[in-house]
Amino acid sequence: YEVELEDYRPVLIEPGNYPAELVDWSKEYSRQFRKLTLVMNFRIGADVIPSWFNIEPSDSRTTVKAGWKSNFLRMYQGCLDIRLDRRDRISLAPFNNKPLMLEVVSIGRDSDQKEMAQVNHYSRVKRIVEVIDTDIRS
């Protein structure tokens with residue numbers, strides 16, 4: 001049974017760093033913000049928690065395009081410890097089937113910056129801290 005994107009119910013966990021794995025990702029256009037967004041869903045234990053990053057339009061279905069100063073590109077280079085030569089063909093393959101360490105934050109305000117009722121608070125992944133190296137060399 002595959003969980004559809006709209007089936008992911010908002011989850012609230014304690015803010016902090018967690019081991020996780022990438023479940024799936026998609027490019028979605030936000031009518032509210034009039035921007036293209038990269039949505040990455042991560043499994044942390046039994047929960048699926050999303051992250052959102054602003055990206056730029058591109059025709060590719062397997063890569064994304066992001067600005068040099070974007071949160072996504074900076075996170076990508078930092079957690080993979082690589083310097084990209086181009087910003088228009090960023091592959092998400094380095095995150096597939098790899099253990100990840102994520103930073104999770106709590107969202108308690110709506111888009112108008114008004115405090116939401118505690119029951120409506122939820123978590124999101126702020127960034128991938130690192131791809132955990134499982135290659136043990138002696």
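Author: Thr63 lies in strand 4, which spans residues 63–64; strands (E, at least two residues) and helices (H or I, at least four) are DSSP runs, numbered from the N terminus. The model is predicted: local features need pLDDT of at least 70, side-chain atom pairs count only at pLDDT 80 or more, and totals for chains, interfaces and linings use all residues. Residues are numbered from 1 along each chain as its sequence is written, and side-chain values use heavy atoms, with hydrogens and water left out.

Thr63 has a relative accessible area of 13% and is therefore buried, a term that means under 20%, with exposed over 50% and partly exposed in between (1.4 Å probe, protein chains only). Beyond its neighbours within four places in sequence, Thr63 is in contact (heavy atoms within 4.5 Å) with Trp25, Lys27, Ser58, Asp88, Arg89, Ile90 and Ser91. The side chains of Thr63 and Ser60 are joined by a polar contact of 2.9 Å. Such a contact is a pair of N or O atoms within 3.5 Å; within protein, one must be able to donate a hydrogen and the other to accept it, and residues adjacent in sequence count only if both atoms are side-chain atoms. Between the C-alpha atoms of Thr63 and Ala93, 30 residues apart along the chain, the separation is 8.8 Å.

As for aromatic pairs, the whole structure contains 4; rings of Phe, Tyr and Trp (its six-membered ring) pair if their centres lie within 6.5 Å, with planes under 30 degrees apart counted as stacked, over 60 as edge-to-face and the rest as tilted. One of them is the edge-to-face pair of Tyr76 and Phe95, at 5.6 Å centre to centre and 85° between the planes.
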